[in-house]
Amino acid sequence: GDLSHLVAIIILLLKIWKTRSCAGISGKSQALFALVFCTRYLDLFFSFISLYNTSMKIIYISCSIGTCYLIFMKFKPTYDSNHDTFRVEFLLGPCVILALVLNHSFTVTEILWTFSIYLEAGAILPQLFMMSKTGEAETITSHYLFMLGMYRGLYILNWIYRYHTESFFDPIAVVAGIVQTVLYIDFFYLYVTKVLKGKSLVLPC
């Protein structure tokens, strides 16, 4: 799962850097992902699990902030803000409320972690909304979304494995993960039937 996520991030960064353009990329989705990682990994300052764990957290935070820098500053003239019009407040509001009401413990770090789990489930919505408005997606952007969806799907398989082997079950993470995966279903279908066959990915407007 982590590898798929990392590949997705690398694909996106390479796409922006090589084309010198962020056309077709939702800046709002990337800003939401940056917020997800910054609120989820605050434990970097007071907890150490392993070198791998710490390294991945730093990579996720750095890459998400770096992506936002490329979109909103370095290549801002290529950013299509006219189509990136999803109302993120309708996503942020419910996530804040859910994090305050449904959490494992009422502490600042736990509430922020829970908020990040809920927010990640819908962070891709601005990107999908943008694609539905433009009616199409570049192949490289499609690869990015596919790897991002695969990352979440693999995590669901991991949760099933851990439930059977360790009796581990986190309802907040599992439900949010399922919701996130469901959002990708239509895209997965189009990806398999179009992109993998060398056709352009055209969405219904």
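Author: F129 is partly exposed, with a relative accessible area of 33%, whereas F86 is buried at 17%; buried means under 20% relative accessible area, exposed over 50% and partly exposed in between, using a 1.4 Å probe and protein chains only. This is a predicted model, in which local features need pLDDT of at least 70 and side-chain atom pairs count only at pLDDT 80 or more, while totals for chains, interfaces and linings use all residues. Residues are numbered from 1 along each chain as its sequence is written, and side-chain values use heavy atoms, leaving out hydrogens and water.

The structure holds 7 aromatic pairs; rings of Phe, Tyr and Trp (its six-membered ring) pair if their centres lie within 6.5 Å, with planes under 30 degrees apart counted as stacked, over 60 as edge-to-face and the rest as tilted. The centres of F86 and F129 are 5.8 Å apart and their planes stand at 70 degrees, so this pair is edge-to-face. F86 lies in the loop between α3 (51-74) and α4 (89-101) and F129 in helix α6 (residues 125-134), so the pair ties together parts 43 residues apart in sequence. Helices here are DSSP runs of H or I, at least four residues, numbered from the N terminus.

Another edge-to-face pair joins Y163 and F169, at 6.2 Å centre to centre and 75 degrees between planes. Y163 is partly exposed, at 47% relative accessibility. F37, Y41 and Y60 form one aromatic cluster.

Notes:
Helix = DSSP H or I, 4+ residues; strand = E, 2+ residues; numbered from the N terminus.
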